[in-house]
Amino acid sequence: MRAHVAACAAACLLLTACASDPSTLPAPDYELFRSEVYPVLLRDCGMSNCHGDEERFFVVWGPGRTRLPVDPSELDEEDAAPSPFDPPTEEEMWLSYQRARAALVHGGEGLEEAPLLVKPLEGRGHGGKDRWDRNPWSREDARWQLVRGWAAGEITFDGGPQP
Amino acid sequence: MVFVLAALAYSNPKLFDAPAHEGGGAGRYYTGSRGDGYGCDACHGGGAKDFALEVEGLPLGGWAAGATYTLDIAWSPTIEHASVLAEFTDGDGRAVGSLSLPPEDLLTPPELCGSGNRAAKQVELEDERVLLTIGDCGAHRLRAQWQAPDEASVGPINLHIAAVAGDGSGDASGDSVALENRELRPLGYAEQGCQIADTPERGRWGLLALGLLGLAGLRRRSTLAAVAVVAALSASACVNVQPYERGRLAQPDMELELDADLMAGPHHAVEYREGSAGALGGAGGGCGCN
């Protein structure tokens, strides 16, 4: 009887185990995101019909792409309405960072299985293939390695290895 | 009240090369070529009308090596905001042939911006791509001369055209997109032919298998014959045979028959019985025609 209870308890524990603990939300370097990672994500992911679409889970906002809504009442009187090509606002940068780190949550299989890193690779169910049926990145791609290194905390803002 | 700022059409071709965080394409021109991948429909779309382009001057019947053709792309003058890009690429997305824009004195009014300046620009990129670009400036015609490569062995090439007709709203929605990929083949290009093997190694194995087959026939060894047939089948493959390769196939040593003298009698009997001659496997076509 004691063995059955123990087995049931173990099974319940297994069933209720949470694959990703909210407390483990990754917090990679924000400064490196601003300077290096954000332009890469904006270039290769942020097109309006791709991850510039605000209906998506992972979104990148920025100039030349989709801009965050602006409340005119928050603009000073002398401020003109921002141009679509104005530099990214702090809100756009911060929100893009938050969406990117949310896409780094994984189910315990390892960081490289996080959606942000795995979906741009070949054969991983990414809807946004190009016109030649190719995914945007491969593991050898310098852009993918930059994002992976940033997510893993292996590179810092000055480009050197994490101390 | 909240309003949304979305992507503006790249009215200035320089923006395609500008850094992404400055609103540029960071090297992406969105022509849909192999060198680019994505087309302008990655952002733009939702236009109510089709954006029709008239494309003329293409060697649709086949391009001749070294020949020059005049590409002529035009669109309706009623379209107020249009951007057009074009590039000729090989199978790897690199520029193929050479491009040149018309001299100033031969430009027609539709090729000019509202300011009177030439609208078309030729942009050479670092990754061996050369593009023709027209920004949103009031022009509605793009002409350029394209000289085909000197060697037909380049094979089929692609002309990619990407165009956006903006609705003037300043965002990427409500724009009409035209994306074309036209394959242009060299003159006499054969889609697919058959020969004994696609690589020299497989060819040697195929010849060995044929030798085994002959030996098995002489010695009446069925097992050996079966092995030889399997080997010959696995060594064979279909590949493209270019017209200039047919001369080699027409040479006497390319005859598959081991002993032509021995088969002359049966062939003669077949010809007598059928009342017709030929179609018995003779090689030919060395001139490049069928």
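## Helix 2 of chain A

The bend at a residue is the angle between axes fitted to the seven residues ending there and the seven starting there. Helix 2 of chain A bends by about 50° at A:Val37. A proline, A:Pro39, follows within four residues. Helices here are DSSP runs (H or I, at least four residues), as are strands (E, at least two), numbered from the N terminus.

This is a predicted model: local features need pLDDT of at least 70, side-chain atom pairs count only at pLDDT 80 or more, and totals for chains, interfaces and linings use all residues. Residues are numbered from 1 along each chain as its sequence is written, while chains are lettered from A and ligands numbered from 1 in the order in which they are written.

## Packing on helix 3

Helix 2 (residues 30-44) and helix 3 (residues 90-102) of chain A pack at about 85°, with axes 10 Å apart. That makes the two helices of chain A roughly perpendicular (65 to 115 degrees). Residues in contact have C-beta atoms, placed from the backbone, within 7 Å. A:Phe33, A:Tyr38 and A:Leu41 are among the helix 2 residues that meet helix 3, whose side includes A:Met93 and A:Tyr97.

## Core

Buried residues have 20 or more other C-beta atoms within 10 Å of their own. A nonpolar core joins buried Ala, Val, Leu, Ile, Met, Phe, Trp, Tyr and Cys residues through C-beta atoms within 7 Å. The largest one has 54 residues. A:Leu41 and B:Ala163 are among those with the most contacts inside it. Helix 2 of chain A gives the largest share, six residues. B:Ala163 touches residues including B:Phe51, B:Leu53 and B:Ala178.

Methods
Axes are lines fitted to C-alpha atoms, for helices over the stretch in contact, and angles run from 0 to 180 degrees between N-to-C directions. Angles under 35 degrees count as roughly parallel, over 145 as roughly antiparallel, 65 to 115 as roughly perpendicular and the rest as oblique. A residue is buried if 20 or more other C-beta atoms lie within 10 Å of its own, exposed if 12 or fewer, and partly exposed in between; C-beta atoms are placed from the backbone. Lists of a residue's contacts leave out its neighbours within four places in sequence.
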